[in-house]
Amino acid sequence: MSLGDPQAAGSMVTGPGEPVGGGMDLGAVRPLRKDVWRRFRRNRMAMIGLVFLVFLVIVAVFAPLIAPYSITQRVPLFREGPSRDHLFGTDIIGRDLFSRVVYGARVSLKIGILASVLSLAIGILLGSTAGFFGGKLDTLIMRITDIFLAIPYIVLAIAIAAIFGKSENTIILVIGLTGWLSITRIVRASFLSLTQQEYVEAAIALGYSRTRIMFRHILPNALQPIIVYGTISVGGVILTEAALSFLGVGPQDPTPAWGLMVAQGKGDLVNASHLLFFPAAAIVLTVLSFVFIGDGLRDALDPKLK
Amino acid sequence: MPSYVIRRILLLIPTVFFAISFLFFLFFTLPGDPANLIAGGFNRTPDPGVVQRAKERYDLDKPLPVQFVHYWERTLKWDLGESYKNRRSVNDILGEHAVNSLRLGIWAILIEVVVGIGVGLIAALRRYSLSDKITTVVTAGMSALPVFVLGFVLQYAFAVYPHKHAWPEWLTLRTQGLGPDSWAFFFIPTGEQWRYLILPAVTLASVSTALAARMMRGSMLEVLRADYMRTARAKGLDERSIIVKHGLRNALIPVVTLIGIDFGTVIGVAVLTETVFSWPGLGSEIASSVTSRDLPVLLGLTLTVVLAYAIINLLVDLSYAFFDPRIRLGEGGEK
């Protein structure tokens, strides 16, 4: 059984009269949202991930205040190691690496979140349709998914990147349009089992429209794996962006995407390893944060798994 | 069982057909006329006569549906065509690169199975110990590190650094290319060869090994709690046979599934690994064929990879019956 949408279920448990977040006493009725948060907080790795992510969002939002230089501003110091003026050193054409990594938080979070949202939207739409309606539509959607699964992901991504061109926004499209396969399967599996539940039967008997049943009744109960997968996939997207940049089909130069910076730093590993180290560290820490938060959410949303 | 295998293979045919056809049409929606590219390149205005000859040679003068039919006619006879880039037969290119990829892949799988399953098993048996904690941290870190960064770091640590500090020659590993072609029994490197093989093999194995170790640890922990394990102990069996015969065999099922399903990821990792180490395998060749728009090479090599992927998945499904005799394939509603 799924615990479903924390908010919806939470207000159901507390009842309409009682304010959400009311009794904290032992044995008193507690909203599910609080329960989830309490369990999440106990997971140390997940909390470290969350703290780092909050820090990252602050850095991204206040990038112009934090970064001492702009992303294209050049100083006559090439490939200098870290110093007081340039915390992370300077790159091959004399740009301040610290400022670029700080602005990179904006780019990478934007790519990661938007591409994940796009894949999730496609996946939820296809998966719920397949799982809810079943029959021929289900077979069709699943066959299409199989066909795309058969094509190695990286080939598909490079080919589509070659069509759309190379920029920050097109890379979101490329990764978003190629990343919906797993989530489609996950959503379909949830819908297949949830469609058999009594409350769906009741909703059908009440004469609600299919769209309403799919998105108002079933989807909230299928959210748990979607939330977990979506969180982890933001990290996956950041890694994919790095891989595409390395292969030369990612965002192009002045864009301070971390993956691109790592790919550019590869030539100078011997003389200027800081060019590789700082953006790579940013990627690793960010991806790990999303993975830990995703793991923490899974355990918190479904305590039986522990 | 045989009818199950036949049904799976029949299902496979349309999937492969549509996947390759999709790539075929996708390629022609790319900007730029392929004949112009063959004749001159992106920016120059090529000689019209040369363009015409290129069109005739590569069947590009016909309408797209006709080309499409011709493509499949040839492909069904396993004639994969000719590279746009250097006019070499794709069958030859495939043969050469597939061998290199296989050699690298065999070692990566060996590392994945031995290290991944071994480390996962030890971590599960010594839960909460220091080695378990290290395993958790390292495997999580591995899956968050871009593959090519790992490749660069390994190159630096085992080849560049030792070279700079004049370590003895035999301690310095090689970072680029295939090296001398000396193999025993197809895949065992001899002499110099292992110094070229070891870094790319470790890089290729890294992601899947980390995943396999995590999976093995989780799966073993679950099995250790199972009732039949308690029963086995109660019967007075010795700990070793409990772990190996009752525990390991059951815990391996999800890990084997992972190793099969994960093949798609492995191809992605292979593209990056082979590019970093200039290893002339299928992955690096596929990546360069997309960027240089060498359609016959792209389709030919991808077709091979797709077929290999499908066959591996089939073998994995069949292996369930070996690990768990309760699973009977082909009966009931099995997909």
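User: Is the crossing of α5(A) and α8(A) right-handed or left-handed?
Analyst: In this predicted model, the axes of α5 (residues 97-133) and α8 (residues 168-178) of chain A come within 8 Å. They cross at roughly 35 degrees. The crossing of α5(A) and α8(A) is right-handed.

User: Which residues of α8(A) make the contact with α5(A)?
Analyst: From α5(A), the contact uses Val107(A), Ile111(A), Leu114(A), Ala115(A), Leu118(A) and Ser119(A). By class, the contact has eight nonpolar, two polar and one charged residues. On the α8(A) side, the residues are Glu168(A), Ile171(A), Ile172(A), Ile175(A) and Gly176(A).

User: How many residues of chain A are in contact with chain B?
Analyst: Contact here takes C-beta atoms within 7 Å. Chain B brings 34 residues to the contact with chain A. On the chain A side, the number is 30 residues.

User: Which element gives the most to the side of chain B that touches chain A?
Analyst: The elements of chain B that give two or more residues to this side are α1 (2-28), α6 (130-144), α7 (147-164), α11 (263-276), α12 (282-291) and α13 (295-323). The residues of this side divide into 26 nonpolar, eight polar and no charged. With seven residues, the element that gives the most is α1(B).

User: What distance separates the centres of domain 1 and domain 2 of chain B?
Analyst: Chain B is divided into domain 1, residues 2-76, and domain 2, residues 96-334. The centres are taken over C-alpha atoms. The separation of the two centres is 33 Å.

User: Which element gives the largest share of the side of domain 1 of chain B that touches domain 2 of chain B?
Analyst: In this contact, 13 residues of domain 1 of chain B meet 11 residues of domain 2 of chain B. The largest share, 10 residues, comes from α1(B).

User: Where in chain B is confidence lowest?
Analyst: Chain B averages a pLDDT of 83, and 93% of the residues score at least 70. Confidence in chain B is highest in α5 (residues 90-125) of chain B, at 90. Where pLDDT is low, predicted coordinates should not be read in detail. The lowest mean in chain B, 72, belongs to helix α2 (residues 34-39) of chain B.

How values were computed
Residues numbered from 1 in each chain as written. Chains lettered and ligands numbered in written order. Predicted model: local features only at pLDDT ≥ 70, side-chain atom pairs only at ≥ 80, totals over all residues. Contact = placed C-beta atoms within 7 Å. Helix = DSSP H or I, 4+ residues; strand = E, 2+ residues; numbered from the N terminus. Nonpolar A, V, L, I, M, F, W, Y, C, P; charged D, E, K, R; others polar. Axes fitted to C-alpha atoms, helices over the stretch in contact; angles between N-to-C directions. Left-handed = near helix turned anticlockwise from the far one by under 90°. pLDDT = per-residue confidence, 0-100. Domains from an automatic or database assignment.
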